[in-house]
Amino acid sequence: MTKQRLLTAVGIAVVIIGVLLLSGIPWVLPLVASAMSLMGTYELLCITKPDCGKGWIISNMILAVLIPLIPIPHYLHLLGLALPAAVVVFSVLMNRMDRVSCSHPGAILLLVVMISLFFKAMGELRFLDHGFLYLTMAIMICVVTDTAAYFFGRKFGKHKMAAKVSPKKTVEGAVGGALSAVFLMLLFGCLIQLGSGNIVSFKRIMLWSGVGTVISQFGDLAMSTVKRISHAKDFSNLFPGHGGILDRFDSMMVVGPLAEALLILIPLAVK
C-alpha cells in the first residue's frame, strides 16, 4: 500500500468516525447521503457521457439530491425489492459487458435512482432500534472485507475471481476478506455482550456478516462493471489512490440497504 493511499485511507476513516459520532443528529446522515448521492451521480455522468441534453442531466442531479432527503412510503419494502433487482441487473451486465452501454438516458436514470436509494439507507438505518449498532456493523463489514481482501489477495492470490470486471481481485482475497469480516463481527458481538450485558444472537451476527460481506464484494464488482463498460479506470480522483465516491463507497452503498432489508425478516440482531 503506497504512502498516499494509506494517508487517504486514514483521512477517510477519520471522516467516517466523525460522521458516526454525529449521526444521532437527525439531519446529519440525510445531508451526508444527499451529498454522496450528488457526487456519485456527477461521477457517473462524467464517465458515461450520456447522449442527452442539459435538462436531463440537471434533473438527474436534482433527483440525486432529493431522494436521500425526502420521506419515501414503504421504503424498507422498496429496498427489499430494489436490492435483489440490482443483483440481477448487474449480474447480467457482468456477462454482457461487450454488448451493453451505460450511456443511454434510461440506464442513467436507473443507476441514479439506485445510487440515491441505497445511500439513503444510511440515515434510515441509523434511526431504527439499535440503529447506531447496525450502522456501525454495516460500515465495519465493508471496511474489514475490503482491507482483508486486499492483503489476502496480495499475499495468497492466484485464482482470478472476475478477470474481465476487476483483474486484481482473486478468489483467495475474496475468501480471506469474507472470513475476516465474519470473525471480527463475532468478536464485536462478544465485546457488545461483555460491555452492555445485552444477550447477543451470534447466529444472527453470522448471518448478517456472512451475507453482508458477500454483497459488499458484489457491490464493488457492480461498480467496476460500470467502469469497464465506460472504459474508465476510476470514477474520479476525489480520493488520491482510492478513486471517487463510487470507487470508495461502492460496498457501503449496498450493505446499508441489505441491513435494512434484513430487518424485514429479522427484526433485531441484538435481543
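Leaving aside its neighbours within four places in sequence, S166 is in contact (heavy atoms within 4.5 Å) with L221, S224 and R228. The model is a predicted one, in which local features need pLDDT of at least 70 and side-chain atom pairs count only at pLDDT 80 or more, whereas totals for chains, interfaces and linings use all residues. Residues are numbered from 1 along each chain as its sequence is written, and side-chain values use heavy atoms, with hydrogens and water left out.

S166 is found in the loop between α6 and α7 (171–196), where helices are DSSP runs (H or I, at least four residues) numbered from the N terminus. With a relative accessible area of 9%, S166 is buried, a term that means under 20% relative accessible area, with exposed meaning over 50% and partly exposed what lies in between (1.4 Å probe, protein chains only). Although S166 and D220 are 54 residues apart in sequence, their C-alpha atoms are 9.0 Å apart in space.

Helix α6 (residues 131–156) packs with helix α8 (residues 202–229) at an angle of about 55°, their axes being 9 Å apart; axes are lines fitted to C-alpha atoms, for helices over the stretch in contact, and angles run from 0 to 180 degrees between N-to-C directions. That makes α6 oblique to α8, since angles under 35 degrees count as roughly parallel, over 145 as roughly antiparallel, 65 to 115 as roughly perpendicular and the rest as oblique. Among the residues that meet are Y134, I141 and D146 in α6 and W208, S209 and D220 in α8. S209, which lies in helix α8, is buried, with a relative accessible area of 0%, and, neighbours within four places in sequence aside, is in contact with I141, A181, V182 and M185.

Side chains of opposite charge can pair when their charged atoms come close. A salt bridge is taken as a side-chain nitrogen of Lys or Arg within 4 Å of a carboxyl oxygen of Asp or Glu, and by this rule the count comes to 5 salt bridges. One of them joins D146 to R248, with the closest N and O atoms 2.3 Å apart; D146 lies in helix α6 and R248 in helix α9 (residues 245–248), so the pair ties together parts that are 102 residues apart in sequence. Another joins D220 and K169 (2.9 Å, N to O), linking helix α8 with the loop between α6 and α7. Here D220 counts as buried, at 13% relative accessibility, while K169 counts as partly exposed, at 22%.

Conventions
Helices (H or I, at least four residues) and strands (E, at least two) are DSSP runs, numbered from the N terminus.
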